[in-house]
Structures are given as structure tokens and as C-alpha cells.
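I opened my notebook for a friendly look through this fold. Here is what I looked up, entry by entry.

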Amino acid sequence: MIAPMLIVEHHSEFGSWTTARRRVAPPLHAFVREIMGSRSELPAPVRERHVPTPTVALIINFGAPHRLIERADAGVGAWVVGLQRGHWQSEAAGVREFMAASLTPIGAHMVLRQRMDELADRSVELDDIDPHFARELAGRVGRARDWEDRFDALEAVLAERLADQALPALAAHAFHRVTTADGSLASLAEDLGCSHRHLVAQFHECVGLAPKMVARLTRLSQALAAIDRAARGGQPEGKPYLETRFARPHRGAIAWADLAATCGYYDQSHFIRDFRAFTGWSPGELQAAARNSL
């Protein structure tokens, strides 16, 4: 049975947004974290801040180009955002319509048939990676009549790309360990029966970044998710933009020390240092900036 689609609408002085989400089909669960569709009408440019996550984004654009600030590239058709070690900003204006699939790095490696370290800290047009795949994806998803059909088409294309690829077992097992609480990095190579050098090489090829950096990105994502849950107070997730995600008033104060410990940080200072390094703000500064932006 296909999961029901969740459509959420937003309206503010910045413009209007519609986001579409549904649970990823079970055969893709190991490789695709989320698929989201968005349509917005923005009468004036809106700046968006994005933070790194342990996922690779595949974007299919149907509307106005996405302009990246402080980078030369802009998204027009379909493109891939590899694992990033820092935040970046983009500017949105006009009528935008796109889909974004959040892939695990292992899933992206198999779908793209590409070394992932060549995509790290980059946003790359899909046509530059695989022109045939870019045309197939644009054609099949572009012909879809509505969000439901678009989700079906994208999932079908991803499933086909994954079906004839062998899973890089060592890298997949190591990535799972690094992004869960199943073991420490210190014993990871020994537990997997390989050298530390070989493990790091596998991470660069199949994931894009070293294990320690992926572990840091995982902790950050867990912290952001906890902050967002507190901000939403049980309401559905809406606009996928960092600077507005945390603008809602919190239902209660966040215990930062408890959150840091839950997400695997040594202490609250460690949490704040990593948060600032990846987002450019402390947790409190991010929330204050978000409130002031509305």
C-alpha cells in the first residue's frame, strides 16, 4: 500500500509555500531517508541558510533557478549536493517548484556510480555526473501530472538504479556503525577486520568524508532534530529552510546540557563549539535570528 501524501501550506509576508511529503517506499528505506516536494511563490528574494547533514541531496527543479550565495553555481535542472563540512546560503525568488531526495551517502554512491569524495563540499549538476541518468530522471519525473505521480516516478527511477548495483558491504556496515550508537570509532576498523587506512579510504570513496566528520554531522543532525521537535510542539514539519524552522515559540525551555548529552557530545561547551562551527551560530543565536527574520 502506498503511504498517504501529507500536504502542508504556509503563508506569510515572505510569500506562500506548499510542501508535500510521504513515507519512502520500504524497498528504498536503506538508501533514501526522505523525499520532499515544494512549491513557493516569493514576491521578493528570501535568503535561506542550509546546514550540513550526513545525507546527500538530489534536487529536481521545475521552476526558477536556485541561486547559491558565495558560490558560482546555481541550480537549474537537476543537481546533487554532496556531504558538506560547513553551512551555505542560497537566495530564492519568484515561483519555485522542486523535489528533493535525501539519500544516504551509500545510496547516492550506488545511484550515481560516482566517487563520493569528488562531490564533497560541492553542488554539482547531474548532467555533469551522468548525462543519461539526468535525461531519464528529468523526463520521467517531469511528465508526472501531480505530486503523487512525481513521487512514484522518482522512487521508481531510484529503485531501478539501485537494483543492478552491488552494495559496498564494508562501507555500508561502517557507515551504519558511525551513524548509530552501536560502537565507538576507536574500535571500528578492528571490529570490521580491516586497517584504519583502508576504512578511511572506503569512506572517502563510498561516503565522501572521513568517519570522524560523519560522526560529527550525525550528532549535529540529532541536535537540530531535537530543537525542531521542541519548536514544533508536535506540529507537522513545514518549510524546509533552516532560518525559519526554529522561529516558532518553544512550548518549553530547552535543557541544553541534557540535549548535548543525549546527542553524544562530551559536554555543553563541546555541543556549542560544534554547532557554531557547522551552522555559523550558537543555538541561541540561531533561534534569535530566526525570530527576527519573520
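I began with angle classes: under 35 degrees counts as roughly parallel, over 145 as roughly antiparallel, 65 to 115 as roughly perpendicular, and the rest as oblique. This is a predicted model, where local features need pLDDT of at least 70, side-chain atom pairs count only at pLDDT 80 or more, and totals for chains, interfaces and linings use all residues. Residues are numbered from 1 along each chain as its sequence is written, and side-chain values use heavy atoms, without hydrogens and water.

**Entry: a helix pair.** I looked up α5 (residues 169-178) and α7 (residues 196-206), which pack at about 95° with axes 10 Å apart. Helices here are DSSP runs of H or I with at least four residues, strands are E runs of at least two, and both are numbered from the N terminus. Axes are lines fitted to C-alpha atoms, for helices over the stretch in contact, and angles run from 0 to 180 degrees between N-to-C directions. The two helices, α5 and α7, are therefore roughly perpendicular.

**Entry: Leu220.** I found Leu220 in helix α8 (residues 211-232). Is Leu220 buried or exposed? Leu220 is buried, at 0% relative accessible area; buried means under 20%, exposed over 50%, partly exposed in between, with a 1.4 Å probe and protein chains only. Beyond neighbours within four places in sequence, Leu220 contacts Pro52, Tyr265, Phe275, Phe278 and Thr279.

**Entry: Arg113.** I noted a positive phi near 55° for Arg113, which is partly exposed at 37%.

Terms used: Contact means heavy atoms within 4.5 Å.
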